[in-house]
Amino acid sequence: MARRNNNDRGRNSESDLKEKLVHLNRVAKVTKGGRTFSFSALVVVGDGKGKVGYGLGKARDVSESISKAVDDAKKNLISFPLYKGTIPHEQKGKYGAGKVLIKPASDGTGVIAGGAMRAVLEIAGVQNVLSKSQGSSNSHNVVKATIDALSKLRGPDTIARTRGLSIEQVFDN
């Protein structure tokens with residue numbers, strides 16, 4: 001009985017995940033018989049409450065590559081702290097030549113981000129944030145750099161625990 005409950009819990013957490021296609025690339029392989037086309041899809045999944053992941057899928061068919069990417073993204077989920085619809089502090093992320101900077105914003109600002117970074121932040125549940133993509137504009141690198149920045153975020157409870165203070169003392173300093 002307990003085993004069935006664990007499986008049900010897993011299905012519920014996967015069912016409330018939203019997915020967004022960030023980039024779809026058609027690749028042509030030239031052979032003796034002509035061109036063979038295949039597709040690679042970059043997909044971001046998240047629950048809108050501080051969980052996000054990305055995945056890459058490759059196949060001969062568009063829908064199959066997207067479903068492979070979604071399965072891969074569900075395996076690579078990370079959690080990060082959200083504070084009143086924004087992030088708790090400024091953070092930089094880097095992957096390859098892609099660099100991103102994300103800053104918390106006041107209520108009503110919205111998601112100020114472009115392209116691939118916007119997809120990640122919206123799916124993750126961030127409603128107000130200022131961001132800047134520096135370096136590479138390659139969607140793969142920008143997505144991975146954004147995930148890197150989000151994974152480095154620390155909440156007030158984590159900071160209080162590492163400093164040996166209470167949460168009230170963290171906000172007083």
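This is a predicted model: local features need pLDDT of at least 70, side-chain atom pairs count only at pLDDT 80 or more; totals for chains, interfaces and linings use all residues.
View 1. Axes are lines fitted to C-alpha atoms, for helices over the stretch in contact, and angles run from 0 to 180 degrees between N-to-C directions. Contact means heavy atoms within 4.5 Å. Helices (H or I, at least four residues) and strands (E, at least two) are DSSP runs, numbered from the N terminus. Residues are numbered from 1 along each chain as its sequence is written. Local features need pLDDT of at least 70, side-chain atom pairs count only at pLDDT 80 or more, and totals for chains, interfaces and linings use all residues, while side-chain values use heavy atoms, with hydrogens and water left out.

**View 2. Four strands form an open sheet.** The strand order is β5-β6-β8-β7, and the pairing is mixed. Two strands pair if DSSP finds at least two bridges between them. At the edges are β5 (91-95) and β7 (111-112), each pairing on one side only. Five bridges link β5 and β6 in the antiparallel sense. Here Tyr-95 has Gly-98 of β6 as its bridge partner. β6 and β8 also run antiparallel, joined by seven bridges. Val-100 is bridged to Ser-133 in β8. β7 and β8 run parallel, with two bridges. Val-111 is bridged to Val-129 in β8.

View 3. β7, α3 and β8 make a left-handed β-α-β unit. Handedness is set with the strands pointing away from the viewer: a crossover is right-handed if the path from the first strand over the helix to the second runs clockwise. α3 lies across β6, β7 and β8 (129-135). Its angle to β8 is about 145 degrees.

**View 4. The largest nonpolar core holds 24 residues.** A nonpolar core is a set of buried Ala, Val, Leu, Ile, Met, Phe, Trp, Tyr and Cys residues joined through side-chain atoms within 4.5 Å. Buried means under 20% relative accessible area, exposed over 50%, and partly exposed in between (1.4 Å probe, protein chains only). Val-52, Leu-121 and Leu-150 have the most contacts inside this core. β2 (34-46), β6 (98-104), α3 (115-124) and α4 (139-151) each supply at least two of its residues. Which residues does Leu-150 contact, leaving aside neighbours within four places in sequence? They are Val-52, Ile-78, Phe-80, Ile-87, Ile-102, Val-120 and Leu-121.

**View 5. Ser-139 sits in helix α4.** Is Ser-139 buried or exposed? Ser-139 is buried, because its relative accessible area is 16%. Leaving aside neighbours within four places in sequence, Ser-139 is in contact with Val-22, His-23, Leu-42 and Ala-116.

**View 6. Leu-21 belongs to strand β1 (residues 18-31).** Its relative accessible area is 40%, so Leu-21 counts as partly exposed. Not counting residues up to four places away in sequence, Leu-21 touches Ala-41, Leu-42, Val-43 and Ile-66. Leu-21 and Tyr-54 are 33 residues apart in sequence, and 9.8 Å separates them in space, C-alpha to C-alpha.
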